[in-house]
Amino acid sequence: MSGTIGKAGRWFVAAWTVGAWAAVGCVVLVPSICSADDAAGVRFFESKIRPVLVKHCYECHSAESGKSKGGLRVDSRDALRRGGDSGPAVVPRSLERSTLYAAVLYGEDGSQMPPKGKLPEPVVADVRRWIEMGAPDPRVTEVAPAVRSEIDVEAGREFWAYRPVAKPTPPRATPWARTPIDRFVAASHVAQGVTPVADAEPGALVRRLFFVLTGLPPSPEDVAAWTARLDGAAWDDREEVVVALVDELLASPRYGERWGRHWMDVARFAESTGGDQNNVYQHAWRYRDWVIDAFNDDMPFDEFVKAQIAGDLLPIASDEEWGRNLVATGFLTIGVKLVGEEDQQKFFADLVDEQIDSTTRAFLGTTVACARCHDHVFDPIPQADYYALAGIFRSTETHFGLLKAHARQATTLVDASGLGLPAGTPALDGRERARLIAERDEARARLDDAMRRIRSGENVFRGALRRLRSQRDETEAALQAYDPDGTARVLVMGTQDRDFPLETRLLVRGEIDQPAQVVPRGLMQVLTPRGRSRLPRTVEGSGRLQLAEWIASEQNPLTARVMANRVWHWMVGRGLVRTTDDFGRTGDRPTHPALLDYLAARLVENDWSVKSLVREIALSRTWQLSSNHHEENFAVDPENAFLWRAHQRRLEAEAIRDAMLAVSGDLDLDRPVGTYLREVGEGGVGQNVFEPVIRGIVTTTRSVYLPRVRSVLPESLELFDAPDAGLVSGVRETTSSPLQALYLMNDPFVQERAGGFAKRLADAPAAGRVDRAHLLVFGRPPTERERRLGQAFLAGGGDLTSYCQALFCTAEFQLLD
Amino acid sequence: MSRRFCEHRIAAGTRRDALKSLSAGFGYLAFAGLATAREATSSPLAPKRPHFAARAKRVIFLCMRGGPSHVDTFDHKPRLRTDHGRPSPYGTPWSASKFDFSRHGDGGLAISELFPNLARHADDLCLLRGMHCDQPAHAQAFVQMHTGSFQFVRPSMGAWTLYGLGTENQDLPGFISVNPPTATGGAQNYGSAFLPAAYQGTKFTVRDGSQRNRRIDQLRRGEANPYGIENAVNDRLTKAEQRRQLDLVAALNREKLDRDGHNPLVEGAIESLELGYRMQDAVPEIMDLSKETEETLSLYGVNEDPTDGFGRQCLLARRFAEAGVRFIELGHGSWDQHSNIETALADNCAETDKPIAGLLADLKRRDLLKDTLVLWGGEFGRTPYSPDGNGRDHNHKGYSTWMAGGGVKGGFSYGATDDHGYEAVENKMHVHDWHATILHLLGFDHERLVFRHASREMRLTDVHGSVAHDVVA
């Protein structure tokens, strides 16, 4: 079976705008004036038609008002002839096919325009005459002269990041270095005049491995078993033990939850639109689960890339595979959107822009979207490259869902029922279904009645109409989410190709009404062989498949480098290129360029296995250094750019919360089905769904499964710098605020965890509680002084829960040495 | 696509060559330098000096979301009365205000009858009647009013103010936003975006006990929380018990610090724990209105209908200002009167008129008005035409806001709309100019208050903005 099922996927038809973008997104130009546009025709238009359009239509259908209701603008000839959702507004000499004419006729069974009342008969007659004479209209968009780029792309190829990756030979061995990675680092130690500190203590190493690989603390038993094996072992034996532990952790499903979450920072994953109005994405969770599974399965990174950009177009062996690949394209659908935007053209252009920005930053560490309005100011990316990519995304349909009743910009979702994906929603019982049907029918009937009254000239309150429409649409959409027997349909956020690619023009200064030359679909010139950057016209479909293959290619100098650097960042705490999302001129240069290329080459060599790269880094002596301070090294390299010690870091918000749950024994390791937002319902925050309800969701599952509504992140995540997902974000902030302290001191969630922790301790003999507590929280026994402090606190009347909470409040609990 | 879009993403041409020649890693180094400077002063929130002598030390922004109608409040248009019902060029007929205007104070400012109490402070008001912004949609205009950008996530003006000036009370947040909306941009409106998170606003929730708003208030903001923020107090431990607990934490942290030698992360944690501890006293204390006199409470309309909600907010704003909070924003709305303007607008004014007048009077008698810049306004105004005379649509081309105190001229009016109040035509003040002027009053050159991010120097005013020097006293 091949990839033909893509277009055969069935459609979920709850929204109303299918295909409208195909019409509005395309700048159709008519360079020559047709014959009817003689002087008399134009005079007729100017005196009889233009004033009518301005007075009665522009308010809702013009660039000036910023509105294009129903996808229609009437302020240019192209826009009128292109029309809107219901087809061309004006077809010269055809009254029948001109929907504008039908609307002004105010027929019983069609659209009636203008909404405030029928135009006087002579005006309607003018419109008729105008269409019959060929609809002369001088409002033609002029094509601007072709924009030339001043960028020397050939010279740009010399920049380090765009040169091909050549696997460097590691520098010569040193007594300190154990692995090839160490030999690169050791060379930089010598060059910079720093000396590596001691290796990490076994306990610290075990804790580091558990947190870095799984995001959870080791249990006291884990610590005891592994440190016993590591203690006093010679390096070679120690290495064997570490290999065993690393492999055990990489095989744990907890690894994917931890590393999948890292990728979700990059993928700006969130479950709402987060723009002008913040509508909940009820179906984004599928992408979340797909990412976690991909990391657990060690999906080769090149496949991982391709699935997210063009999963719907990849060759497949089964329906199930297509379903999973479709979910992966969720990557392109989950970004920030201004769904309250009235102008569909503008919305569509911004959607495409967001896709270009996220795709190029996430996979290529490149800010192509900076070239939307002019050549990139810093990097060798001509403006035309942006429009070459835009041509690919413009030829793609993005299905992000939402209800038209809640958002001006809404789309269908892809119905992937029967392809082996979980429903994520329980079945609808017969009674509930009957209730929904009754509710919908009643809203429909009342709406029809109101419309009849309006037509007969009665004054009906606009708000009431809006309410009825919402009610009808919401219940209809709720019903459409189920089969007639009540089984939930599988609805997926994802992309599909249009039937044919849309021609795309470069826009002068990025302005829609200033089109210049046509730009063929294509890729970035600086990353492709000379003269080979544009797709041949014959390429069918959007070109996303070609884009995906190009990004995921071994020949692309950036993809492997950027990912190897991300893996290093997630392992070590700081990338070799610190600006993980910007490998351009304004980003940082690599501190260890040869090591970066070595890692990139290794990634590719090992069939793009991320786990292999993680493993190789974990086994290096560099990674296993202690985080000890060292005066002389600090004086030379205070930032530890040259890795004379391990970076000490604060745990991420998710790991802090998960660690509290783990220590208290409350952690629920089962993956929830679907999203916790299901109970919140569809709609915009503050409009249909309310913040107190979202914030009221309490669970003890891992933090990666918490609801992620932009701007309404759970407090435990928000306070500790989880990104709000406005943008690709490969590096997290680490801030320290009093609100974090108040949370740890006073929040009921923390107090409950402390209570659970205390219960676990209560079983231990009183004398051993402090030791046990330290083992549980810090993965090590207390120092003498800590033991005394703890015992004195408990002996002096402090209760066990307070003691446990105090340990959660310490700096060490949040820190990884 | 608008031109603005592009300017937001990358600096305009003139800086191109200069920036291109900067060495690699400049962005990081700039930040690293800032981080070091911060360590030296120990807190990013320590008070800092502006570029030049400031007229205002703090800001109270009375944010009227929804777009208050200027032609019914502060922009008197007699021409609308003459032309009432006649066709306007915009589709629907001109519509006169249903409210009377009269002149107030020595400056003779025309103010509508909807603000009888505020009108008594006319000589403190500096009306800005030539405001305009870029978008007639709520969310975009609201976010632009707060951050300068309607398209990208940018720091709000409170965050910029805090970044520039620090704060004077280390036991309270330096930037407080009371009852901000969750829609129309939500947390972006008090966010710090790329500025360090220490500069983001802290959301306080204040309940509205008035008859009219009690129910909807609960739906939006949840159960009443007397402290305004989550986790302000500990329900489980006594103060002494908690102090003991935190002493243990501090001792354990010091133990860690001794072991590690040098560790800024631990030092930061020790400091924020102590600040959190102090906030537990400071927040409930500042939120507790019980020590205010009856006279003061009634000055603001607290415990009265319909002024209780906004009265509490205004009184709290004075308390915050007194305590040294740098930027205080209060939220009221919605002023989005597409219909029922006669009753709904009158209701809004009735809810806010007395509290605002009370705030100005109270600030003045405590000698705080001279260096507190009070701002009033919404994201745009409303159209002077109307389909039925009952409601007005959004109008971003011309509207009014006002300033008071903080070194602005009182009894003064700056800028004007056309005869009908449709479009700003004289001394126009774009929202970027408004930002530039606010920063100027706070002692900043808006072109020099910058933060390096995404490879360029970012400003509240982006590449726009000019100071309206005429409004400065």
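In chain A, the centres of domain 2 and domain 4, taken over C-alpha atoms, are separated by 36 Å. The structure is a predicted model, in which local features need pLDDT of at least 70, side-chain atom pairs count only at pLDDT 80 or more, and totals for chains, interfaces and linings use all residues. Residues are numbered from 1 along each chain as its sequence is written, while chains are lettered from A and ligands numbered from 1 in the order in which they are written.

The assignment for chain A gives domain 1 (30-132), domain 2 (264-418 + 494-551), domain 3 (427-487) and domain 4 (653-816); such bounds come from an automatic or database domain assignment. Where domains 2 and 4 of chain A meet, 20 residues of domain 2 are in contact with 25 residues of domain 4 (contact: C-beta atoms, placed from the backbone, within 7 Å). On the domain 2 side, α12 (253-266) and α16 (344-364) of chain A each supply at least two residues, and α16(A) gives the largest share, three residues. Helices here are DSSP runs (H or I, at least four residues) and strands likewise (E, at least two), numbered from the N terminus. By class, this side of domain 2 of chain A has eight nonpolar, eight polar and four charged residues; Ala, Val, Leu, Ile, Met, Phe, Trp, Tyr, Cys and Pro count as nonpolar, Asp, Glu, Lys and Arg as charged, and the others, Gly among them, as polar.

Further along chain A, the axes of helix α21 (residues 557-572) and helix α22 (residues 593-605) come within 8 Å and cross at roughly 105° (axes are lines fitted to C-alpha atoms over the stretch in contact, with angles from 0 to 180 degrees between N-to-C directions). The two helices are therefore roughly perpendicular, a label for angles of 65 to 115 degrees. From α21(A), the contact draws on Ala560(A), Arg561(A), Met563(A), Ala564(A), Asn565(A) and Trp568(A), and from α22(A) on Leu596(A), Leu599(A), Ala600(A), Leu603(A) and Val604(A). This contact has nine nonpolar, one polar and one charged residues.

Helix α23 (residues 610-618) of chain A is mostly covered, with seven of its nine residues buried (20 or more other C-beta atoms within 10 Å of the residue's own, C-beta atoms being placed from the backbone).

Turning to chain B, its secondary structure comes to 14 helices and 17 strands. Of its 473 residues, 55% count as buried, and the C-alpha trace of chain B spans about 80 × 60 × 40 Å along its principal axes.

Methods. Angles under 35 degrees count as roughly parallel, over 145 as roughly antiparallel, 65 to 115 as roughly perpendicular and the rest as oblique. Two residues are in contact if their C-beta atoms, placed from the backbone, lie within 7 Å. A residue is buried if 20 or more other C-beta atoms lie within 10 Å of its own, exposed if 12 or fewer, and partly exposed in between; C-beta atoms are placed from the backbone.
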